[in-house]
Amino acid sequence: MEESNAKGFYQSAMQYGTYLGIFWAIMYIMLFESFSSPMISMVAMAMFIASPFFAGNLAIRYRKTECGNYIKYPQAWTFLFCMYVCATLLSAMTNYIYLDFVDKGGFIMEMHNILSDVTIDPNTNPSMLKQIEAMAEVLSQLTPIKITWSFLSNNIFCSLLLPPIIAFFVRKNTEI
């Protein structure tokens, strides 16, 4: 790849990665707020499932606008990987900002309240009660930075796993 083509390639990957990162940021904020409304929870889950399709759609848009509707598998994989890395960084930053400065522990408290409600139920199995207490102990140690690192590591794993799969569907080796 020539230097100018490579520069445009990575700039496009960052641009489309920013779009994917905004999509993820909205999805995560909806996930954090999902305890207040079942509808928000369903929309967040739908966005989670739709995320690889959205990434594939962005890569197809790149293929059509920048590559003359022709892209080989290695280039598609590289583009998607760079796009996912940019999206991961943006979503990690927005997750931390939201959890630390906007939410201020509300997400963790809602999860703790749900576990408390289950422990109050007299029909709760004693072995399940021990597991719930262990989960409550782990929850009490969570901080916004730990939650952000957890989501960041999950997104990095997805950045390694999904782009090779999506690239298979995005690639177009021959002009028709």
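Predicted model: local features only at pLDDT ≥ 70, side-chain atom pairs only at ≥ 80, totals over all residues.
C86 counts as partly exposed because its relative accessibility is 21%. C158 is in no disulfide either: the nearest cysteine sulfur belongs to C86, 16 Å away.

## The largest pocket

Now look for the largest pocket, which holds about 150 Å³ of space. Its lining is made up of M27, Y28, L31, S34, S41, A44, M45, F48, F151 and N154. Three helices, α1 (3–32), α2 (38–66) and α6 (144–170), each give at least two residues to this lining, and α2 provides the largest share, with 4 residues.

What classes of residue make up the lining of the largest pocket? There are 7 nonpolar and 3 polar residues, and no charged ones.

## Aromatic rings

The model has 18 aromatic pairs. In one of them, F9 and F79 have ring centres 5.8 Å apart and planes at 65°, so the pair is edge-to-face. This pair joins distant parts of the chain, since F9 is in α1 and F79 is in α3 (residues 73–103), 70 residues apart. F9 counts as buried because its relative accessibility is 2%, and F79 is buried at 1%.

Y28 and F151 make a tilted pair, 4.6 Å centre to centre with 45° between the planes. Y28 sits in α1 and F151 in α6, 123 residues apart in the chain. Both Y28 and F151 are buried, and both belong to the lining of the largest pocket.

Ring pairs also link F9, Y10, Y16, Y19, Y62 and F79 into a cluster. Finally, find R171, which lies over the face of F168, 4.5 Å from the ring centre.

Conventions:
Residues numbered from 1 in each chain as written. Heavy atoms only, no water. Buried < 20%, exposed > 50% of the residue type's maximum accessible area, 1.4 Å probe, protein only. Disulfide = S-S within 2.5 Å. 1 Å grid on protein atoms, 1.4 Å probe; cavity = no way out; pocket = protein on both sides within 12 Å on 5 of 7 lines; lining within 4 Å. Points joined across faces, edges and corners; volume = space filled by probe spheres on them. Nonpolar A, V, L, I, M, F, W, Y, C, P; charged D, E, K, R; others polar. Phe/Tyr/Trp six-rings, centres within 6.5 Å; stacked < 30°, edge-to-face > 60°. Lys NZ or Arg CZ within 6 Å of the ring centre and 35° of its normal.
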